[in-house]
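Subject: Structure handover

Hi,

Here is the structure I promised to pass on. Please open it first, then read my notes beside it.

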Amino acid sequence: MDGLSVTGTFAQKLERPTPLGETTAVHVKLPPAVDPRLEGSLVRVVGTPEDPVVLFRSDTLAELGAIPSSPGPEFFTRFAQLADPERREASEPRGAGGESGEVTRETLLFNGRHPTARFEAPPLDARALRNGDLVAFDGCPLRPTSTQAQWDRTQIIRDPAVVLDPARTWDPCTGAGTKGGVWTFAHLMRQMAQGSGVSPETFVTHWLSRWLNDYQVNGDNVPARRKMYDEVIAPWAAASGTLSSLQQDATTGRWEVVLDRPLDLGIAPFRLLAIVNRVDLARGTGGGHGRLETAGELRFVFGLTRPSPWGRGGTEATCNLKPFTLIVEYGVPRTGCLNVILWAQQWAQLGTHASFDALYRARLTAMTESVVLRGRAPGKGNQNALNQLRTNEIALGGMAEGLPWELREFSLTDEDPGQGTDLPSNGLLRPHTLALTPDDATHDFRTDPDVDSFVRTLVKGGVAQPVQVPGQCTASFAVPSRVQGRPFLGGNSLVVPPTHWEALNVVPTDASEVCARKEFSINTCNGCHFKDTGTTDFSGVNNTAFTHISPTSGIPARLSKFLTGGGAGFMFLVPDAQFGPSVTSWPFADLLRRHQRLYDIAHCTVCGLFLGVDPGFLVQMETLAGVVPLDMPFGSWTPPFKVGPIRDVAVVKQLLELLPGFKADLRDMPLDFHRPPEVFVH
């Protein structure tokens, strides 16, 4: 496709500053409103009622003389003080000047997770911007070619030089390494436990003991898997020189672990598989419409082992790798556009190394420590940056016992699903509802009426239009903890069954419904780890069934085709989980998507200073126009205003005149502050 035809952001210097001192018009291409009542509105309000972003149709502003010209009828405008476009203009050749290897001018256009077209992004012309011309600001005109080597250095780092680094990791298979090194399970837990009121050893033992008894989350009963004692706690205790037993309290009936001394955290049976960069998850408030609050996530992926003999010269062959992954997911505590760029540039710099040498590992260490150390996130539980800790295993079950693969989630928050609150809190790791995933014990994955209704109304209402499967299918939606007054989100997620989520009455010829079903299901734990992503291989060739990073394939760990696309330059086609290939197959190449997003942030993002809008402006808007054109995902809230379109140019002029009286704080934001609908949690 022609590069300008897919450009979603233009900037243009104003002939004179606005009354608030803004010097630049930033034009963003908005999709059709989620709320069909807003069709034809000359004003759109996105974000939230508490933190609104007010945009005016660019054609209307050009008509009023507020901007020199408009890029087209799909564009809406917001004003800013532009930071330094020269920084990006200078950064472009450095970001792709050959130090990272072969470069390419070609960009793949992704619609959500799906590659849909190819184009070449135009380079930034700062001189044209200074002259008042419309200048495109989307994507890098040059970036390193997406290769396995690039992914291995900047996205999912799993090379033996890193995950078996003797100075920073401990290998429970061989006993080699440094106990408590900076990339070990022990180090992460010691940092996480500070502020909990208990020792790190007690912190971990209490967390492992969660599997010994049933518990409830949002009304979902999560059955015990007491093989946690046999497979993890008892052998770990034995290797620690600790006497252990599993005892049942005669009064309460609860099972408890009794240890005569603490577990030795230094020899934890969790072996590092990968360090994962998810800067692609960098988001702002209001669904991406506000300031950048984090730089995405930093993740550590561990696999469970039960080596024999324990840590005394064992080998890969005797390691007894278990089908059990533990993923520790941190929110990277960087706020503001420039700080997110600097974080991305650190990752991009890692891509320039020819090997995983000492300098590479030192730089990576500085990056990870800046996130995982206690105190890096003062406003979160235990002042730790943890977002959530997830497990995905069948080692504690086994299909023969009727216990399939299970995923659980834990956090340092106090979640009250009934009230819809989830507040950071010091203390121990607590069970948490699984993100966007229904309770599969009470909702049948094929026939449940609540799932069907939710998909065909709220999710379908959030599908970006126009929709065309498989090329154009994204949706913006939130999954509440309760639906129709009943608990909806689950406390655990089982795989096989369910293998995915269906909506019973979806019409296969209705593209919006097919898209909505897929968008809902692929963002659940069940769908993401099985049928919706094709993570179903049992042949032993790929060793990634139910996981995207295999805990049983050895080191380096194998990756799923959903991630790799089947290899650099390829796409992995997955038949639709409900209807099969006769309706559509969905293409994936997620590491390529992440690669492009990394370099777009690191080298081709320009920051601007945007004035926030006081929420009182919406009250005045309703008084003046009788409505507020507030566009939010269906089902995420109850509108506090009468929602409707503004189609009167005279009203737009009045609102522009009123706006300076409702200025709020100044915000450091990227020019492409409005991102397309994306619901990514995995």
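Start with arginine 271. Its relative accessibility is 4%, so arginine 271 counts as buried, the cut-off being under 20%. Keep in mind that this is a predicted model.

**Salt bridges**

Side chains of opposite charge can pair when their charged atoms come close. How many salt bridges does the structure hold? There are 35.

Arginine 271 takes part in one of them, and its partner is aspartate 171. The N to O distance is 3.0 Å. Look at where the two sit. Arginine 271 is in strand S18 (residues 270-278), and aspartate 171 is in strand S12 (residues 170-171). They are 100 residues apart, so the pair links distant parts of the chain. Is aspartate 171 buried or exposed? Its relative accessibility is 6%, so aspartate 171 counts as buried.

Next, find arginine 299 and glutamate 329. They form a salt bridge, with the closest N and O atoms 3.6 Å apart. Arginine 299 lies in strand S19 (residues 297-305), while glutamate 329 lies in strand S20 (residues 321-331). The two are 30 residues apart in sequence, so their pairing ties those parts together. Both arginine 299 and glutamate 329 are buried.

Glutamate 513 and lysine 460 meet through their side chains in a salt bridge, at 3.1 Å from N to O. Glutamate 513 belongs to helix H13 (residues 511-522), and lysine 460 to helix H12 (residues 449-461). The pair links distant parts of the chain, 53 residues apart. Glutamate 513 has a relative accessible area of 4% and is buried. Lysine 460 has 26% and is partly exposed.

Which residues does it link? They are Arg113, Arg278, Asp280, Asp590, Arg593 and Arg594.

**Strand S5**

Now turn to strand S5 (residues 75-82). Seven of its eight residues are buried, so S5 is largely enclosed by the rest of the structure. Here are strands that pair with it:

- Strand S2 (residues 24-29) pairs with S5 in the antiparallel sense, over six bridges. Lysine 29 has phenylalanine 75 in S5 as its bridge partner.
- Strand S4 (residues 51-57) pairs with S5 in the antiparallel sense, over two bridges. Phenylalanine 56 has threonine 77 in S5 as its bridge partner.
- Strand S31 (residues 607-613) pairs with S5 in the antiparallel sense, over two bridges. Glutamine 81 has leucine 609 in S31 as its bridge partner.

**Nonpolar cores**

Last, the cores. The largest nonpolar core has 77 residues. Which of them have the most contacts inside it? They are Phe185, Trp207, Trp236, Phe300 and Tyr330. Helix H10 (residues 337-350) gives the most to this core, with eight residues.

Then tryptophan 207 is in contact with Phe185, Leu326, Leu389, Thr391, Phe410 and Leu429.

There is also a second, separate core, of 41 residues. That core includes Trp151, Val455, Cys473 and Ala516.

Best wishes

Terms used. Residues are numbered from 1 along each chain as its sequence is written. This is a predicted model: local features need pLDDT of at least 70, side-chain atom pairs count only at pLDDT 80 or more; totals for chains, interfaces and linings use all residues. Side-chain values use heavy atoms; hydrogens and water are left out. A salt bridge is a side-chain nitrogen of Lys or Arg within 4 Å of a carboxyl oxygen of Asp or Glu. Helices (H or I, at least four residues) and strands (E, at least two) are DSSP runs, numbered from the N terminus. Buried means under 20% relative accessible area, exposed over 50%, partly exposed in between (1.4 Å probe, protein chains only). Two strands pair if DSSP finds at least two bridges between them. A nonpolar core is a set of buried Ala, Val, Leu, Ile, Met, Phe, Trp, Tyr and Cys residues joined through side-chain atoms within 4.5 Å. Contact means heavy atoms within 4.5 Å. Lists of a residue's contacts leave out its neighbours within four places in sequence.
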